[in-house]
Amino acid sequence: MFLNHISTRNIRGDLFGGLTAAVVALPMALAFGVASGAGAAAGLWGAVIIGLMASLFGGTPTLISEPTGPMTVVFTAVILSFTSQIPDRGTALAMAFTVVVLAGVFQILFGFFRLGRYITMMPYTVISGFMSGIGVILVILQLAPFFGQDSPSGGVIGTLSSLPELAAGIQPLELALAVITLLILWFTPEQLKRFCPPQLLALVIGTLLSLTVFGDVELRRIGTFTAEFPTFQVPTFSTDQIRLMVVNGAVLGMLGCIDALLTSVVADSLTRTEHDSNKELIGQGLGNVMSGLFGGLPGAGATMGTVVNIQAGGRSALSGIVRALILMLVILLAAPLASRIPLAVLAGIALKVGFDIIDWSFLKRAHHLSIKAACITYGVIALTVLVDLIWAVFIGVFVANVLTIERMTALQAKGVKTITTTDDDVELPEQEQALLDQASGRLLLFQLTGPMIFGVAKTISREHNAIEDCDAVLFDLSEVSHLGVTASLALENAIKEAVEVGRSVYLVVIAGSATRTRLEKLKLLELLPEHHVSEDREEILRRAVGELPVLQEV
């Protein structure tokens, strides 16, 4: 089915879910729009367009999609990158929105090629470190508006290097508004949260205070923006920046996929349903393509909005459609009111989001679970914040995979054994033990068990090189569940060397198995006489013992 699951059986629940999600989305969209540097309108229209498209064409009925903290941080970095190199801010923003379109195209391709189930197959240490790093970036970038000042150039590094100046130039009243906002977000009673989201409460109270108590003071506010439908943004490319645009688009698209699919899993656990990952990626991609074409922020599945929607009764994509329509009406009708919102209040909201993105639960326990895991997590955080988002993920995944392969190789190496007598540490059936003892050490049983990945190839070579005096070698692959290419080549070398030095080689492998198929493709079985290959270990042991030269001379 092309469209998402839209049902009319739960209209009341979907209406309440959509309304509640719209109330939560409003302050967040404003905060992210201003934080990104694209403006409040970009955040609001991004929430409308992505939410509508993903609800119509996605694969998770209850998922609420909108600009999120991680997507905003990456998009902010994209804007800063272009504005620092291109004098014309309009052109720089047009290129940034083109990156959003490219991100959507990548997501559509991921969904079309059915890569949904692979997107989130990333070590948790890397995901935790990357998300926590993004949270730290969002907190740092909000420090200047939190203190009542304009953000310095240079992004995170620029803000950190300007901290002495920011601290010296603190605007007390704006700082007070930001602190009040944080206090409301942190300490709103649970009973009140059921009726009014803390973000909206903080937005309303902060704005009212700025208009009454601080009414005589000039405060930095959002400013006026047009209450009309967004205009089409023609995709803008630059030959000098095309590589950077494609890379940023791929990173933004991948991050959106991870963000959305992780939230889809949360939605599944709450509704006891199962989402369609590939269809969801296509829906997310269409949302980001349309958002970029109309000057909106990039977005993904938002955990907070999704949970609120489900708790309020939303069960089908109708709730997401209702939410988008309500937000659209608010933008068109209440834009003049939104222009009076102080930037310090939005900074407080965005800073709290950044604080919540940080994976405090895992960071507190990482060093207890594993020193290596802790080093990867903290290393990814440092690289994300201080170096580059792309390199942080690349290096984190590379190191985590190398350590995993090292551990798996050590475990799987235990499945490579060379056995000459039953005195060795091995369990064999009684008849097979008797046959091996009868060989008096002249027959070597080379036994492999479990999955044999490339890391085990070195162990196979080492064990084979340790072979000294024997007349025959029996390679037992009957319990090999997977034989990788590198391991199979190491096995091929071992068999060829044994044949070259005049040893008789026997092979036990299950007929029709993937292992036998791999050996046949390598033409390895052609090196051995047909009667030296069998799937019955006892039979081949008996034959090998009977053909031993030493026993024939007795």
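Asp 476 is tucked away in the model, counting as buried at 1% relative accessibility; here buried means under 20% relative accessible area, exposed means over 50%, and partly exposed is in between (1.4 Å probe, protein chains only). The model is a predicted one, in which local features need pLDDT of at least 70 and side-chain atom pairs count only at pLDDT 80 or more, while totals for chains, interfaces and linings use all residues. Residues are numbered from 1 along each chain as its sequence is written, and side-chain values use heavy atoms, with hydrogens and water left out.

What does Asp 476 meet in a salt bridge? Its partner is the side chain of Arg 537, at 2.7 Å from N to O. A salt bridge is a side-chain nitrogen of Lys or Arg within 4 Å of a carboxyl oxygen of Asp or Glu. This pair ties together distant parts of the chain, with Asp 476 in strand S5 (residues 472-483) and Arg 537 in helix H25 (residues 537-546), 61 residues apart. Helices (H or I, at least four residues) and strands (E, at least two) are DSSP runs, numbered from the N terminus. Arg 537 is buried as well, with a relative accessible area of 14%.

Strand S5 has neighbours on the strand side, too. Strand S4 (residues 443-452) pairs with S5 in the parallel sense over 8 bridges, and strands are said to pair if DSSP finds at least two bridges between them. Across from Asp 476 in S5 stands Gln 447, and Phe 446 has Phe 475 in S5 as its bridge partner. Phe 475 in turn has a bridge partner in S6, namely Leu 507. S5 and strand S6 (residues 504-508) also run parallel, over 5 bridges. As for S4, 7 of its 10 residues are buried, so S4 is largely enclosed by the rest of the structure.

Back to charges: the structure holds 12 salt bridges. In general, side chains of opposite charge can pair when their charged atoms come close. In helix H25, Glu 539 and Arg 543 sit 4 residues apart, about one turn of the helix, and they form a salt bridge with the closest N and O atoms 3.0 Å apart. Glu 539 is partly exposed at 35% relative accessibility, and Arg 543 is partly exposed at 26%. Elsewhere, salt bridges that share partners join Asp 150, Glu 174 and Arg 220 into one network. Lys 352 and Asp 356 form a salt bridge too, their closest N and O atoms being 2.7 Å apart. These two are 4 residues apart in helix H17 (residues 343-357), so about one helical turn separates them. Lys 352 is buried at 13% relative accessible area, whereas Asp 356 is partly exposed at 44%.

Now for the greasy side of things. Nonpolar side chains tend to be buried together in soluble globular proteins. A nonpolar core is a set of buried Ala, Val, Leu, Ile, Met, Phe, Trp, Tyr and Cys residues joined through side-chain atoms within 4.5 Å. The largest one has 83 residues, and Leu 30, Phe 82, Leu 203, Ile 222, Leu 346 and Ile 349 touch the most other members. Helix H4 (residues 89-112) supplies the largest share of this core, 10 residues. Apart from that core lies another, of 27 residues, including Met 452, Ala 457, Val 473 and Val 509.

Finally, the rings: a search of the whole structure finds 11 aromatic pairs. Rings of Phe, Tyr and Trp (its six-membered ring) pair if their centres lie within 6.5 Å; planes under 30 degrees apart count as stacked, over 60 as edge-to-face and the rest as tilted. Trp 45 and Phe 229 form a tilted pair, 5.9 Å centre to centre with 35° between the planes. Trp 45 is buried, at 6% relative accessibility. Trp 391 and Phe 394 have ring centres 5.6 Å apart and planes at 90°, so that pair is edge-to-face. Phe 394 is exposed, with a relative accessible area of 51%. Trp 186, Phe 355 and Trp 360 form one aromatic cluster.
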